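Here is a short briefing to read beside the model.

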Amino acid sequence: MTLRELVVAYFQYYTIRTYLVIAALAIGVALWQPTTLVRGAAAAGFVMLVYPLVWYCLHRWVLHSQWMWKVPFLASTWKRIHYDHHQDPNHLEILFGTLKSELPPVFIMTLPFGYAIGGVGGAALALATGVLTTCFYEFCHCIQHLSYKPKSKILVAMKARHMAHHFHDETGNFGITNFAWDRLFGTFYERIERPTRSATVFNLGYTEDVAAVYPWVADLSGGVAAGHPRQRDRVTTKEPERKAA
């Protein structure tokens, strides 16, 4: 994949176009109700500072939790925003999050703090910063998952660590572009440090035994898949005879 093809694939998804519209509207509000330069910079800087920590916490303790699949009305959300992504990490259609799953955290971590720092203008600048940072994260996420080979050493290392999270051991490397919080919380690793592949790297612990008790994700998925996405046979909890078909 060339850089041009990567960019085309990136902008094809509706969430990216929506984020850019929201950012433009937020900048318009900031110009209409301006705050001071110092407060505006502080609001934007605050968002850039806390963003990696917020998404680390969400990725580790929400998306990789083992409680969402136990709640019927949350099971479909967890399936869409993370289970499906780990089941087939290179599938473009589920590479991006949904607006209803990504926008609420962005609003929560930007608007109140931005308003406290710089009023309406500060809140608008904080929101614009949060949305544009999300766009940057998603672009890096595309680089990590699609068949594009970056030339930058930083991007190469970033991609290797994220691919290790998806194809080797999902219990570490929760960062997307920033692994500082992984280092601080002891979840950072290089693949050579963990020679054995995690048994739950593709299913996040949602096994057939779990599905027998909490069936909602399996019902939506047509069963429980096991193994590498390019090598697996689909095995369902309701129709085990398919394994031999």
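Which helices each supply at least two residues of the lining of the largest pocket? They are α3, α4, α5 and α6. Helices here are DSSP runs (H or I, at least four residues), numbered from the N terminus.

This is a predicted model: local features need pLDDT of at least 70, side-chain atom pairs count only at pLDDT 80 or more, and totals for chains, interfaces and linings use all residues. Residues are numbered from 1 along each chain as its sequence is written, and side-chain values use heavy atoms, without hydrogens and water.

**Largest pocket**

- The volume of the largest pocket is about 570 Å³. Its lining has 32 residues, and Trp55, Leu63, Ile81, His82 and Glu102 are the closest to its centre.
- A pocket is an open set of points on a 1 Å grid over the protein atoms alone, where a 1.4 Å probe fits, with protein on both sides within 12 Å along at least five of seven lines; lining residues have an atom within 4 Å of a point.
- Volume means the space filled by probe spheres set on the points, with grid points joined across faces, edges and corners.
- Helix α3 gives the largest share of the lining, eight residues.
- By class, 17 lining residues are nonpolar, 13 are polar and two are charged. Ala, Val, Leu, Ile, Met, Phe, Trp, Tyr, Cys and Pro count as nonpolar; Asp, Glu, Lys and Arg count as charged; the others, Gly among them, count as polar.

**Helix α3 (residues 37-63)**

- α3 bends by about 40° at valine 50, and proline 52 follows within four residues. The bend is the angle between axes fitted to the seven residues ending at a residue and the seven starting there.
- Its buried residues include Trp55, Tyr56, His59 and Leu63. Buried means under 20% relative accessible area (1.4 Å probe, protein chains only).
- The buried residues of α3 pack against α4 (72-87), α5 (99-145), α6 and α7. Contact means heavy atoms within 4.5 Å.

**Helix α5**

- A kink of about 140° in α5 is centred on glycine 118.
- α5 has 47 residues, but its end C-alpha atoms are only 20 Å apart. A straight helix would reach 69 Å at 1.5 Å a residue. The expected span is 1.5 Å times one less than the number of residues.

**Positive phi in loops**

- Most residues other than glycine have a negative phi.
- Asparagine 173 has a phi near 55°. It lies in the loop between α6 (153-167) and α7 (180-185).
- Leucine 204 has a positive phi of about 55°. Leucine 204 is in the loop between α7 and α8 (208-213).
- Asparagine 173 is buried at 0% relative accessible area, and leucine 204 is buried at 5%.

Conventions:
Buried means under 20% relative accessible area, exposed over 50%, partly exposed in between (1.4 Å probe, protein chains only).
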